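The following note collects points for a colleague examining the model. Please read the points alongside the sequence and the coordinates.

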Amino acid sequence: MIAPSAEPLVLDVSGLTVEYRDAVRTVRAVTGLSLSVARGRTVALIGESGSGKTTAALAILGMLPGSATVLSGSVAVTPAGRRLDLLRLPRRELRALRWQHIAYVPQGSISSLNPIQRIGRHFQQTAEAHALGRRAAEARAMELLAAVHLEPRRIWTSYPHELSGGTRQRVAIALAMLLEPEVIVLDEPTTALDVLTQEAVLTTLLELQAATGVSYLAITHDLSVAGAVADEVITMYAGRAVERGTAEQVLADPLHPYTAGLLRSTPSVDSDLPVQSIGGHPPSLSDLPPGCSFHPRCGLADERCRSGGPPALLPADSRTVACHRVSERVAAGGPG
Amino acid sequence: MSELLALEHVSKTYRQRRRVVVTAVDDVSLALGPGEILCLVGESGSGKSTIGRIVTGLTAPTGGEVRHDGRSVSTMTRRELRAHRLGVQLVQQDPFASLNPGLTVAQTLLAPLTRHFGLSRAAARERMAALLADVGLTPPELFGAKYPHELSGGQRQRVAIARSLTVEPRVLVADEAVSMLDVSIRGSVLAKLRALCEERQVAVLFITHDLAVARQFGRGHSIAVMQHGRIVEHRPTSDLVAAPEHEYTRALLAAARHEGLRRRAADRTTPRRRQDEQVDAQIGGGHPAGTGDAGRVQ
Amino acid sequence: MSAVEQLTPPPAVAEPGPRRWRRVTGRMGLGGLLGIGGLLALVVVSAAGRFLTDPPQPDIEAIAQGPSGEHPLGTDFTGRDNLHLVVRGGWDMLELAFVAGFLMSAIALTAGLLGAYVGGAVDRIVVSFIDLWLTVPRFVLLLVIASLFPVSSTVALAALIAVFEWPYLARQIRAQALSLRRREYVEAARLLQLRGGHIMLRYLIPAIGPFVVISTIQAMNTAIYQQVGLAFFGLVPLEDNWGVLFSVAYSQNALYLPAAAWSLLVPVAAICLLQFCLVLASRSLEELFDPRLRGAR
């Protein structure tokens with residue numbers, strides 16, 4: 001198990017299960033996801049298409065589309081010492097908490113900024129909605145824009161389309177910080193950006209964290225991004241967390257065959273060895289294989305993986321892993 | 001190495017509105033021999049995709065010349081030009097947009113086979129089955145009957161590769177061919193593409209924004225780095241990665257290794273419990289680059 | 001999965017008839033079913049009226065009457081039965097709408113695709129002509145032409161309307177075709193040098209077809225408007241169709257005689273019904289063809 005952090009938890013999700021329904025079928029996108037983020041820490045949810053990572057983030061933010069239902073679970077936050085479950089909060093309180101306690105930097109900030117409003121107006125509107133004075137808001141926005149390495153005055157009067165992708169992402173980050181949230185959900189924070197810009201944006205995120213103690217929940221498919229910014233990493237596959245531990249543990253010495261496969265699939269500029277990929281392809285959530293969802297692509301799979309229930313997330317080697325074979329090995333006390 | 005396809009001092013400018021001229025490609029020269037792989041690496045707007053379009057003939061250059069087998073494309077007759085163009089095929093980025101949604105895999109692959117080789121229906125089917133097996137879509141009968149929406153992204157991209165190989169091209173342009181695929185399947189698609197091209201002695205212009213992918217795909221061949229429409233460094237893959245000469249290449253490599261972030265991560269491994277000090281630690285310089293466990297992650 | 005199953009074509013094609021049909025009807029919704037059902041009913045009733053009944057005879061005993069047991073929708077100024085007239089007058093209306101709609105789409109498709117695919121000077125000529133034609137007050141010109149060269153048949157009238165109304169549609173088709181040309185799979189087909197006919201038939205028309213079908217229905221609506229307008233000025237062959245019935249009733253001052261108003265209202269209601277069905281049908285087809293919905297199957 002991960003050693004409990006000395007810091008208080010700012011986000012504590014447990015047993016989150018989300019389903020999408022339409023006329024034709026029901027799809028379970030997230031099953032029994034639990035995670036917690038301590039103050040000043042970064043947790044990364046890693047997964048590929050259909051892993052449920054984005055649905056999980058939207059559920060945590062209370063921003064699921066109408067076709068989705070949260071079947072069970074809780075999303076606990078503790079603003080000013082009060083423990084609240086976001087999933088059971090009246091709409092109005094949720095909206096207030098959304099920026100003050102938990103903020104969001106959506107994927108591809110071009111769509112999150114209103115194209116016909118200057119950047120300054122975005123800050124003002126967010127401030128107005130939360131009863132932050134105009135003066136105070138502007139002063140704080142200027143500070144934040146400077147903190148994300150932009151020229152506050154110039155940016156304040158610009159329109160979104162006049163800014164580059166990296167600059168827009170910085171603006172979105174500054175905007176998320178406006179009401180001093182405890183935790184920010186970053187959805188693929190660098191996916192649409194160029195390599196050099198990616199690096200600069202990630203650096204800025206870490207600087208902000210060091211300066212303010214804000215926590216991040218980062219959603220990403222990019223292992224190297226997770227490795228560079230996260231303290232804790234959770235690998236998701238087919239809607240379930242399959243491995244969870246510190247970034248060092250999981251990414252340097254993965255136990256779950258899927259995490260290990262992902263790492264072997266990721267090319268490195270410093271290695272000539274051909275990457276290996278995982279056979280097959282990610283399953284469709286509407287048509288999951290029985291047993292462990294990963295078994296059709298897994299070299300270790302045996303009869304129990306194919307026919308038994310999905311493996312539970314169990315402690316193994318100072319982290320948790322959902323794999324029959326790994327649990328077996330740990331129980332037998334064998335080497336990794 | 002004998003020259004198959006070459007760009008000589010090629011430029012491409014666009015006229016935006018009246019006086020504004022945008023230079024997408026600025027005096028680029030490169031050459032491909034049979035079976036050779038050239039990885040073109042650059043960020044968005046560097047002109048790498050425009051080069052790909054010029055090589056395939058989808059876009060005409062505004063300056064310089066394109067040579068095929070030593071002959072300038074501009075002096076070719078219509079007939080020669082068609083033959084040249086057919087020899088240069090493209091694998092596109094988006095596996096969801098690159099296949100006709102209304103055609104089965106078999107229909108997609110049979111059309112070029114029957115069009116260009118005068119094959120009988122049965123012979124064309126045989127060739128198609130062989131191609132599907134080559135790209136790893138077996139059994140071919142099963143995949144031939146599928147529509148694109150019934151395939152996963154990786155399978156579609158394999159179909160796109162098979163389609164580009166139907167006409168037996170001598171040059172293949174792969175424009176971000178795996179960047180939209182899930183990480184866990186990229187490697188197999190890349191390996192397949194490389195093996196097929198090696199087998200057939202097809203030259204590949206491999207366009208990507210990702211140096212690590214270029215390193216993989218271009219091992220034993222060369223990488224050209226583009227910035228602002230120009231090639232700033234073009235050298236054998238292992239040399240370029242081991243000892244980059246241009247500053248921009250060095251910056252790209254550092255970013256790919258997350259060197260700056262590593263340093264910070266190393267700082268952070270000192271326990272955070274000393275909260276009072278965290279503000280002072282915000283600008284973490286001076287520490288050696290982390291070579292700990294996190295360093296093994298790429 | 002057995003080998004036999006593997007070889008069966010995918011469900012989009014081989015799905016058993018009834019199930020597939022139910023899915024199509026399900027996606028069209030109630031409005032679409034009403035629209036298409038209504039159109040079919042109109043066609044059947046109008047055909048029966050036209051080919052199975054004789055023209056209604058004037059009856060000087062029953063001029064311009066309101067509804068009664070004998071004449072459920074009243075009579076017109078010559079004592080003819082309104083119900084009989086409206087049933088008989090539908091065929092001509094439908095014929096005109098269909099012929100004009102199809103001609104309009106055909107001209108627009110030809111011009112639009114020509115401009116988009118040949119490009120260069122041809123495209124410039126097509127675009128200039130369309131723009132020029134769109135600035136002309138077409139209905140007035142149509143009136144003038146129709147009065148100078150009296151049209152003698154419904155088909156001729158439909159052709160005339162089509163010639164006047166195609167440019168707007170052509171411009172939309174050209175825009176669609178231009179965006180299609182840059183789609184990745186079309187570019188791939190061009191690089192593979194597939195036959196022009198093949199690209200047209202298997203790549204372009206399937207992508208542009210739904211739009212053309214919907215526009216054709218809308219073109220039918222336009223044709224109906226134009227025809228009613230021309231009828232109002234007495235410039236159409238006197239076929240006793242709904243437009244003519246309406247304008248004749250109007251010219252006989254039916255507006256001012258409460259009992260005769262029925263001869264005015266009945267054709268107007270029929271025209272409205274037809275247009276309503278056309279709009280419902282085109283809207284539901286739009287939903288049916290929506291690529292986002294198609295992708296979800």
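1. The model is predicted: local features need pLDDT of at least 70 and side-chain atom pairs pLDDT 80 or more, while totals for chains, interfaces and linings use all residues. Residues are numbered from 1 along each chain as its sequence is written, chains are lettered from A and ligands numbered from 1 in the order in which they are written, and side-chain values use heavy atoms, with hydrogens and water left out.

2. Axes here are lines fitted to C-alpha atoms, for helices over the stretch in contact, and angles run from 0 to 180 degrees between N-to-C directions. Helices (H or I, at least four residues) and strands (E, at least two) are DSSP runs numbered from the N terminus.

3. On the α6(C) side, the contact (heavy atoms within 4.5 Å) involves R138(C), L141(C), L142(C), I145(C) and A146(C); on the α7(C) side it involves L160(C), I161(C), F164(C) and E165(C). Seven of these residues are nonpolar, none is polar and two are charged. In this classification, Ala, Val, Leu, Ile, Met, Phe, Trp, Tyr, Cys and Pro are nonpolar, Asp, Glu, Lys and Arg are charged, and the others, Gly among them, are polar.

4. Chain C as a whole contains 12 helices and zero strands. Of its 297 residues, 44% are buried, where buried means under 20% relative accessible area, exposed over 50% and partly exposed in between (1.4 Å probe, protein chains only). Its accessible surface is about 15200 Å², with 68% belonging to carbon and sulfur atoms; areas come from the Shrake-Rupley method with a 1.4 Å probe, and for residues only the protein chains shown count as cover. For contacts in chain C between residues at least 6 apart in sequence, 70% link residues at least 24 apart.

5. Y117(C) belongs to helix α4 (residues 82-118) of chain C. This tyrosine is partly exposed, at 23% relative accessible area. Leaving aside residues up to four places away in sequence, Y117(C) touches A177(C), L180(C), R181(C) and L204(C). The C-alpha atoms of Y117(C) and L245(C) are separated by 45 Å, the two residues being 128 residues apart along the chain.

6. Chain B has 11 helices and 10 strands. Buried residues account for 54% of its 298 residues. Chain B exposes about 12800 Å², and 49% of that area is supplied by carbon and sulfur atoms. Among its contacts with a separation of 6 or more, 67% are between residues 24 or more positions apart.

7. Which helices of chain B pack at an angle of about 125 degrees? They are α3 (residues 105-117) and α4 (residues 121-134), whose axes are 9 Å apart. The two are therefore oblique to each other, and the crossing of α3(B) and α4(B) is right-handed. Residues in the contact include V105(B), L109(B), L113(B) and F117(B) of α3(B), together with R121(B), A124(B), M128(B) and L132(B) of α4(B). By class, the contact of α3(B) with α4(B) holds nine nonpolar, one polar and three charged residues.

8. P236(B) is in strand β10 (residues 230-236) of chain B. This proline is partly exposed, with a relative accessible area of 43%. P236(B) touches H221(B) and S222(B), residues up to four places away in sequence not being counted. P236(B) and L38(B), 198 residues apart in sequence, are 9.3 Å apart in space, C-alpha to C-alpha.

9. In chain A, the axes of helix α3 (residues 119-129) and helix α4 (residues 134-147) come within 10 Å and cross at roughly 130 degrees. Helices α3(A) and α4(A) are therefore oblique to each other, and their crossing is right-handed. F123(A), Q124(A), A127(A) and E128(A) of α3(A) meet R134(A), A137(A), E138(A), A141(A) and L145(A) of α4(A). The residues of this contact comprise five nonpolar, one polar and three charged.

How values were computed:
Angles under 35 degrees count as roughly parallel, over 145 as roughly antiparallel, 65 to 115 as roughly perpendicular and the rest as oblique. A crossing is left-handed if the near helix is turned anticlockwise from the far one by less than a right angle, and right-handed if clockwise.
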